[in-house]
Amino acid sequence: MPRLKGKYPKLYQMPSFNNGQLVFLQSNHSLTFINGYYRCSLRQKGKCNVADELSFKYPVFERRLSRAIQSLKLDEEIGRNIFYEWDRQAIDLRKQIEKDADCIMQDMEATILVMKQEIKKTKKISMRNTKEARERYGKLVKITFPSLMHGFLSDLLKGLTAIGKTRIGDGLFVSAGFEKVYLSKEGKILKVKLQGMNDYLFQYVERKKPDFLKNLPFEIIEKIHFPSLNLLDAMNFFRNNNYKNVLSYSPFTSECVFQKQLKKQTDSIKQLPPLEQIKMWETLKDITWQSPHVFFSGLAIPYDENSSM
Ligand SMILES: [Zn+2]
């Protein structure tokens, strides 16, 4: 990477961490990114009572972080083997998703049929049927989510084999794979809590490369106990736990956040004329299996040239 003098271009000014992801271990104060510095969020408000918590200049801090995670770099050949294994295991995952999604799509079809009859009779759609459609759609999203997780896991694996190549890449890997990073007052990384996805990835890698986590300069806390490391089994484990801990900063953080996102989409559908609402539910029924990320992007209204919207 070329050495940058003076002002950093925009891309280099993007911090890798969400607010709250970095935490001072001793005080449990989270850090926030302001004006090119990570600093205690309470200090920012003049409410921090710890005198010696330092602020860390970007990108110096992230460069230090890159150095700290070098020991995680995974040999490309091992990475490739894991890719192939997961792809093979993903066949069973796909079969399961197809089977389960098919049932729910039929349920949604039944709800949509009832809605159509309702429109004929009353010219509107009752809240009860909208709620049923919403619940069934929510189930469909949850059933199809593991196919996204498989893609995300593959990205994390790529990130792991690419550690040390670029600072931005390292930052991306850490921010996507680490839920919390606990720092000393001087900014040394002491402990990390992994996102559930990354926890699974690390445990899988460790099975292939037994000394993988041995020489880390920091401690990994709250490791998940997976009953099996097979991809399908692990995805089912996450699913049975309602995807808790899979990915923070996503609609799956908690059931409450998930329901809020679901309600937001349903509310925007409710504003459409009844026949357009039907079209939307039909679209969501068909598109969710095809593109599970539709739910996460918040997209509820597809472009339709015949529509007046
Ligand atoms: Zn503080």
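Predicted model: local features only at pLDDT ≥ 70, side-chain atom pairs only at ≥ 80, totals over all residues.

Student: Why is α3 called roughly antiparallel to α9?

Tutor: Helix α3 (residues 76-122) and helix α9 (residues 274-290) pack at an angle of about 175°. Angles over 145 degrees count as roughly antiparallel, and therefore α3 is described as roughly antiparallel to α9. The axes of the two helices are 10 Å apart.

Student: Which residues make the contact of α3 with α9?

Tutor: From α3 they include A101, M105, M108 and I112, and from α9 they include L275, I278, W281 and W289. By class, the contact of α3 with α9 has 11 nonpolar, no polar and four charged residues. The list of residues in the contact includes E109 and K116 of α3, together with E282 and K285 of α9; Glu and Lys count as charged.

Student: What makes α2 roughly perpendicular to α5?

Tutor: The axes of helix α2 (residues 60-68) and helix α5 (residues 167-177) cross at roughly 75° and come within 9 Å. The range for roughly perpendicular is 65 to 115 degrees, so α2 is roughly perpendicular to α5.

Student: Which residues of α2 and α5 meet, and how do they divide by class?

Tutor: In α2 they are E62, R63, L65 and S66, and in α5 they are R167, D170, G171 and V174. The residues of this contact divide into two nonpolar, two polar and four charged. G171 is in the contact, and Gly is counted as polar.

Student: How do you know that the reach of α4 is close to the expected one?

Tutor: Helix α4 (residues 127-161) has 35 residues and reaches 50 Å from its first C-alpha to its last, against the 51 Å expected at 1.5 Å a residue.

Student: Where does α4 bend, and which proline follows?

Tutor: The bend in α4 is at T144 and amounts to about 35°. The proline is P146, which follows within four residues.

Student: Why are β2 and β3 said to pair, and in which sense?

Tutor: At least two bridges are needed for two strands to pair. β2 and strand β3 (residues 37-40) have four bridges, in the antiparallel sense.

Student: What makes β2 and β4 edge strands?

Tutor: The open sheet has the order β2-β3-β4. β2 (31-34) and β4 (56-57) each pair on one side only.

Student: Which strands form the open sheet of four strands, and where are its edges?

Tutor: The order is β1-β5-β6-β7, with mixed pairing. The edge strands are β1 (22-24) and β7 (219-221). The twist averages 25° from one strand to the next. Strand β6 (residues 189-194) and β7 pair in the parallel sense over three bridges, and the bridge partner of V192 in β7 is I220.

Terms used. Residues numbered from 1 in each chain as written. Expected span 1.5 Å × (residues − 1). Bend = angle between axes of the 7 residues up to and from the residue. Axes fitted to C-alpha atoms, helices over the stretch in contact; angles between N-to-C directions. Parallel < 35°, antiparallel > 145°, perpendicular 65-115°, else oblique. Contact = placed C-beta atoms within 7 Å.
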